[in-house]
Amino acid sequence: MRKHHVLRLHGLLPRRATKPYATVAHVETLDSAAAASSALRTLGRLDAGELAPTPRLYHSLIAACAQSKNLDDARTIHAHLAASRFATDAFLCNSLIHLYCKCGAVAEARGVFDGMPGRDMVSWTSLIAGYAQNDMPREALTLLPGMLRARCAPNGFTFASLLKAAGACAGRGVGEQVHALAVKCDWHEDVYVGSALLDMYARCGQMDVAVAVFDRLSSRNGVSWNALISGFARKGDGETTLMKFAEMQRNGFEATHFTYSSVFSALAGIGALEQGKWVHAHMIKSGQKLTAFVGNTMLDMYAKSGSMVDARKVFDRVDNKDLVTWNTMLTAFAHYGLGKEAVAHFEEMRKCGIQLNQITFLSVLTACSHGGLVKQGKHYFDMMKDYNVEPEIDHYVTFVDLLGRAGLLNEALTLVFKMPMKPTAAVWGALLGACRMHKNSKIGQFAANHVFELNPDDTGPPVLLYNIYASTGQWDDAARVRKMMKTTGVKKEPACSWVEIENSVHMFVANDDTHPSAEEIYRKWDEINTRIRKAGYVPNIDYVLLHVDEQEREVKLQYHSEKIALAFALINMPAGATIRIMKNIRICGDCHSAFKCVSNVFERDIVVRDTNRFHHFSNGSCSCGDYW
């Protein structure tokens, strides 16, 4: 692709020359604002006859405006060029297409493109790239057939933009066709096209193909490494992401803020705190600044890994916080059940003039729901219209959850009927979950029927309905639901918990005897159980939802997966270290009570992350305030 130098327009001529007009002789580097201002002054000097209009001069004006991305200035320059004898110059028209795309005015770029008497490869590539970069991937892809009919051969930049567009559409079929064309045109081994190829396949969920493309690259650069790492991160494969990050370092490529952002995002998904701290230390050592772009994912990593202290520190240190920074911190407060802190944070956002969006309101409603702040939740739901934010289905799901958790089941049901859109399975599921908490089988059955109809493949609602009947002693109804589950093939997801010790993850299920240290773990739990019973812990057999006698219920409570993980952590972690446990389903109520007692008796902070939220146990209490 033809390369052009960026020319800027400072000091074109300090005074009028002896000739009637002068040409551009030298251009200095300016910042974007100064360049744009100088460009507009130059137009005045053109009109005054002080400067000679030349293609080089117009290109300098366009380049300066592209740097500032000022659309009004772009239109002014375009109008001036259109009135000159260079109006149809292909080189300048291509520059205008690029300028309008940089300003986000792709429709006006298309107007320039359509008005050109003759288009070359640069014309087609500039518009394709403009569509791809302005989140209009389908428009970018639809240009390719016309480009080929015009007998303009795509180059590496064309293919990179087309593959970016195919990846954004998650269009595997289209992407494969572009790949085939790149092979036919002998561009597939180009490092930039190769990087775009593997990124496209990664975005389409084909990591095996992406890896194969990466392995075949004759030369690799930071872009190709970043594309591979971000692909594994997007897939949620934290372990492989970290491995590729280390491999990138060994091959002599420096990590960028894009690299760190991908790695932090992947580690957030698996809650790998120690690895996250290692990557953070690596970033500091490399001299990278804590910008909002990477700071947001780092903050999210610490929050999802159970360290709110570190998350708050990152928030405080991020330079030039953006909306995502504020929203990420607000979401962290919500998931930890820190309702009052979330409300204070939300009000600080309003005070600072942050433009609140749908995610902001969803997070503060979630915080109010988890914190039992019904009055504040209603207030913020009503406030959405003041910010021209239209409630979406997720906001209604959260609002139903807020009312339901508070025991306002009839009010929640009324809200469901009055919703402006048709209730989804998620809405009815939120109501069903609230009925499970408050043991209301009548509304629970009604909500469950709607969930079964809307999402018959979801295994969660039948289990919730069974639990409602079992917890209220309605064993005949519970048996009926169990029979329905067996008939339809619904199986309860096995509960499992895992804990990270010295960079190794240890996973447990209930009554687990497969771990090499199983005997030691069970002895430790028996010791724990004895000590916390002396301190006042009484097993709550209501959480054993089986029709068996009281003694057998108590036995079944003792070896839940989170209790086994806790015993293992107490054996292997140093005194005073915070224990962090992950669980794939909601923590059991009896385990919640036991963990509070353990935190006091053993003087340990324990953080449990389940599917709904975080529980931070310390000194005999939990951050949720027993409202969960």
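A salt bridge is a side-chain nitrogen of Lys or Arg within 4 Å of a carboxyl oxygen of Asp or Glu. The model shown is predicted, with local features needing pLDDT of at least 70 and side-chain atom pairs counted only at pLDDT 80 or more, while totals for chains, interfaces and linings use all residues. Residues are numbered from 1 along each chain as its sequence is written, and side-chain values use heavy atoms, with hydrogens and water left out. A search of the whole structure finds 16 salt bridges.

**View 1. Salt bridge between Glu562 and Lys583.** The closest N and O atoms are 2.7 Å apart. Glu562 is in helix 30 (residues 561-572) and Lys583 in strand 3 (residues 579-583), so the pair links distant parts of the chain, 21 residues apart; helices (H or I, at least four residues) and strands (E, at least two) are DSSP runs, numbered from the N terminus. Glu562 is buried at 1% relative accessibility, and Lys583 is buried at 6% (buried: under 20% relative accessible area; exposed: over 50%; partly exposed: in between; 1.4 Å probe, protein chains only).

**View 2. Salt bridge between Lys596 and Asp626.** The N to O distance is 2.9 Å. Because Lys596 lies in helix 31 (residues 589-601) and Asp626 in the segment after strand 6 (621-622), the pair ties together parts that are 30 residues apart in sequence. Lys596 is buried, at 18%, whereas Asp626 is partly exposed, at 46%.

**View 3. Network of Asp72, Arg75 and Glu108.** Salt bridges with shared partners join these three residues.

**View 4. Salt bridge between Asp477 and Arg480.** The closest N and O atoms are 3.5 Å apart. Both residues belong to helix 27 (residues 475-488), three residues apart, which means a separation of about one helical turn. Asp477 is partly exposed, at 27%, as is Arg480, at 41%.
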